[in-house]
Amino acid sequence: MNTLFSGLVVLAVLYVWSRHHKFRNAVLPPGPKPLPLVGNILDLTARELWLRVEKWARCFGDIVYIHVFGQGLVFLNTQQAAVDLLEKQGSIYSDKPSLVMAGELCGCENMVAFTRYGDFARRQRKLMHEALGASAVRTFLPLLEIETHALVRGIMADPKDYIGYIRKYAGGLTLLVIYGYRVTSNEDPYLMLAEECVDILSNRIASGGGIWPVDIFPFLKHLPLWAPGSGFKHKAIEWRAKMEEFVEKPFQNLKEQMKNGTNVPCFVSHLMESSLERGDKAVDQQREFDVKWTANSMYSASLDTTITVVQDFLLAMMAHPEVLRKAQEEIDRVVGPGRLPAFTDRPNLPYIDCVMSEVLRWGCPVPLDLWKMMFITACLSRKELWKMLRNEEVYPDAHEFKPERFLVEVDEATAKRRDPRNFVFGFGRRRCPGNHLIEQSFWIVMTTILATLDISKAKDENGNVLEPNVVYENSVFRSPSTFQCDLRPRTEQALKIMRQTADAH
Ligand code: HEM
């Protein structure tokens, strides 16, 4: 065993040396000073890495370079740097690295966010565009209103568990749209399976920046399971089994329903049926494979992000009652007390749009865009969306929550540069395909909550205000930890109208 261990150490040192040596004379962007061989490993952190990167950006500029055991990592800190590389040169910078741990060992290699840029990735993007493009999303608008009403009714009935209803809404909506599956309770088995898998993905596999020793030293994947240091392989076996269950279960369930003719029309059934209608005797295996993995990827990518933006919105409203009042006044003026807001009201609610933009900017749900790690001259690259959305030149008092900043009249080019949607969803050919869905679903959730609920900080039994004590522990998403929030119907009328929606659907 000692011989095996010593052999591995020697191999590792040689590997790092050769890698490092290869780039010794290359002109690399500046960054914090690395240690010999191990590089900047001690500079990485699993929690709020984006804050550290922001500090580096202040010291080293727009593009920061570090290395971990010779594996280079480039952080793109400005919109210009990201656009220049990822949009203008998208044909060469849309790839993802093959991460041995996440991809090969844990079985995530076919998930959209991990697929190498090529035919498979292009087929997946095409399917997602069919399902979630701007015009496809318009067909879901009535469904979004129905699901939002269910969310607010749940919160009104049981405000203490508001987060449970937000989870049910976020997961339930995608399960319904993608698999035609209706979630009935906050403890739904598919919902819980999805949450467990998303947690494994973002907090365990991606913990510490998502790079495992085996990603740097791929030969470690051949370590036998009994060998010291093979703990990562045991973890990978366990996580892979969960991931397979996550991909297969809802898909096979729907296929069974399609055979019996009991399925609800949805993204997967639509794509499988359209293939059958074209005359194929059976849905060909490649089509089935593509649809299955694309469906799962959309589901896993939407859960935490959707929950996070709604939580960010509530936090912002609790901290800024003046914004809450102004937004509610606008809705009262335009919609009135006799009905609920609808998508058709949107053009008449400009301040609500400002609040939404500011929540997306201020909350910055995916600050480091961790999954976007493409080889740029043999380095992995990460976009520092956090830094871009805190750019003082574009957003004066960038750390403050100020929706009014979007009311200031500017020319078209500045408006484009200021719109957080041009950052929060990433760039180029791997830009978030869920952005049209979120644009609509987050708007209706926010507007319906504002119209019907009052939002304030919770109080203890003695009436003392409980300040929300929020920490950000997720390694990928900037998701606030659970906090208490006082949510109650604004008026008797709001309660009555909301209850009536249950009978209407
Ligand atoms: C506010 C909510 C959301 C935010 C902030 C967000 C943000 C992002 C970001 C920054 C990326 C990486 C893009 C890049 O690499 O350049 C991404 C990728 C992705 N998102 Fe979203 N997202 C959100 C909601 C959703 C929803 C609702 C869905 C699906 C229904 C979704 C599906 C995906 C998928 C499948 C990818 C991988 C795309 C690829 O690698 O080609 N996202 N998202």
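Helix 8 (residues 162-179) is mostly covered in this predicted model, with 15 of its 18 residues buried. The briefing then turns to the nonpolar core and to one helix pair. The largest nonpolar core holds 131 residues, and helix 14 packs with helix 15 at an angle of about 145°.

**Helix 8**
- The end C-alpha atoms of helix 8 are 25 Å apart; this agrees with the 26 Å that its 18 residues should span at 1.5 Å a residue.
- Gly-180 follows helix 8 and has a positive phi, near 65°.

**Nonpolar core**
- Within the largest nonpolar core, the residues that touch the most other members are Met-101, Cys-106, Ile-178, Val-268, Ala-295, Leu-385 and Met-446.
- Helix 13 (residues 285-319) supplies the largest share of this core, 15 residues.
- Leaving aside residues up to four places away in sequence, Cys-106 touches Met-101, Ile-205, Ala-236, Trp-239, Arg-240 and Met-243.
- In soluble globular proteins, nonpolar side chains tend to be buried together.

**Packing of helix 14 with helix 15**
- The axes of helix 14 (residues 321-335) and helix 15 (residues 350-363) lie 8 Å apart, and the crossing of the two helices is left-handed.
- Helix 14 contributes Val-323, Lys-326, Ala-327 and Glu-330 to the contact, while helix 15 contributes Tyr-351, Ile-352 and Val-355.
- By class, the residues of this contact comprise 5 nonpolar and 2 charged, with no polar ones.
- An α-helix has 3.6 residues a turn, so residues three or four places apart point the same way.

Technical notes. Residues are numbered from 1 along each chain as its sequence is written. This is a predicted model: local features need pLDDT of at least 70, side-chain atom pairs count only at pLDDT 80 or more; totals for chains, interfaces and linings use all residues. Axes are lines fitted to C-alpha atoms, for helices over the stretch in contact, and angles run from 0 to 180 degrees between N-to-C directions. Helices (H or I, at least four residues) and strands (E, at least two) are DSSP runs, numbered from the N terminus. A crossing is left-handed if the near helix is turned anticlockwise from the far one by less than a right angle, and right-handed if clockwise. Two residues are in contact if their C-beta atoms, placed from the backbone, lie within 7 Å. Ala, Val, Leu, Ile, Met, Phe, Trp, Tyr, Cys and Pro count as nonpolar, Asp, Glu, Lys and Arg as charged, and the others, Gly among them, as polar. A nonpolar core is a set of buried Ala, Val, Leu, Ile, Met, Phe, Trp, Tyr and Cys residues joined through C-beta atoms within 7 Å. A residue is buried if 20 or more other C-beta atoms lie within 10 Å of its own, exposed if 12 or fewer, and partly exposed in between; C-beta atoms are placed from the backbone. The expected span of a helix is 1.5 Å times one less than its number of residues.
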